[in-house]
Amino acid sequence: MVSGAPRTAHAWARARLEAAGVEDAAFDAACLMELVAGKNWRWMDGELTDEQKKHLEQLTEKRAQRYPLQYLAGHWPFLDFELEVGPGVLIPRADTELLCETGAELLAGKTGPQVLDLCAGSGCVGLGIKRLVPAAQVTCLEKSPEAFAYLTRNAAGALPGFDAERPAVQPVAGDVFTYQNQLAPESLDLVLSNPPYVTGDEMKELEPELRFEPEMALEAAHEGLAFYEHIAPGYLAALRQGGWLAVEIGWEQGAAVRGIFEAAGYRNVAVRQDLAGKDRVVLGQKN
């Protein structure tokens, strides 16, 4: 049974999560305590109510089954804002912030740039660009109806000053493998994508939490390269002269994706590393 004392309750949740193999059990237990008792739970006067104790037990048990902490929270930080997340949408990760920062650099000096975010999911990339480059006009493409619902809500509520009547980005339901046919030639300054790139073999070895995330947002054919093989040549015509394509990649895919970009005719192709020193973003410019 959970104790009513907040710190003792946290210790109980931490021990349960440690026993279940959760990597950072202390952090996760603290997050669960926030969901139950608020951010100031460490300084609470008195004890948890019976209802709060029951809620903590339920959340801890679900997390012990390796259900994602982010889904339990219902929201997660990205850059300096928060996104609504839950079953059916890929969880935003800090590694992806590099793609947004790279995109913002590539737009420097442009007035009212036109940006397209492919495989948008929660909208983290498109909204990240809008946050870093407020003048950007951003369209976010997503195929999954479940993910599109989160994208729509985040477009309306994740950034200050925007709402359902005036979303921060324009959500569009569509398929990355055909959407290029709807684009006017030379109409975009920047195309960004964090597409599925996990191989079938890698899917079998992923951490338990990832089995709760949508497989269609993770796995890609052709050894994880199928989306890059389509996006690089397929969206070239929609880029203006001097426009850029930038994509997130798996850490072992730098050389392969660089080759795909070069074969498609991009120049100034480069690979950027994340904070861990691993290949994470490939970018290339249209002649």
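**Exercise 1.** Are lysine 204 and aspartate 201 buried or exposed?

*Solution.* A quick note before the steps: this is a predicted model, where local features need pLDDT of at least 70, side-chain atom pairs count only at pLDDT 80 or more, and totals for chains, interfaces and linings use all residues. Residues are numbered from 1 along each chain as its sequence is written, and side-chain values use heavy atoms, with hydrogens and water left out.

- Step 1: get the cut-offs. Buried is under 20% relative accessible area, exposed is over 50%, and partly exposed is in between (1.4 Å probe, protein chains only).
- Step 2: apply them. Lysine 204 and aspartate 201 are exposed.
- Step 3: look at how they pair up. Their side chains meet in a salt bridge at 3.9 Å, N to O; the rule asks for a side-chain nitrogen of Lys or Arg within 4 Å of a carboxyl oxygen of Asp or Glu.

**Exercise 2.** Find what glutamate 84 pairs with, and say which parts the pair ties together.

*Solution.*

- Step 1: the partner is arginine 153, in a salt bridge whose closest N and O atoms are 2.8 Å apart.
- Step 2: glutamate 84 sits in strand 2 and arginine 153 in helix 7 (residues 145–157), so this pair ties together parts 69 residues apart in sequence. Helices (H or I, at least four residues) and strands (E, at least two) are DSSP runs, numbered from the N terminus.
- Step 3: glutamate 84 is partly exposed at 29%, and arginine 153 is partly exposed at 39%.

**Exercise 3.** Work out whether threonine 96 is buried or exposed, and what it touches.

*Solution.*

- Step 1: with a relative accessible area of 3%, threonine 96 is buried.
- Step 2: leaving out residues up to four places away in sequence, threonine 96 touches Phe78, Cys124, Val125, Asn194 and Glu248 (contact means heavy atoms within 4.5 Å).
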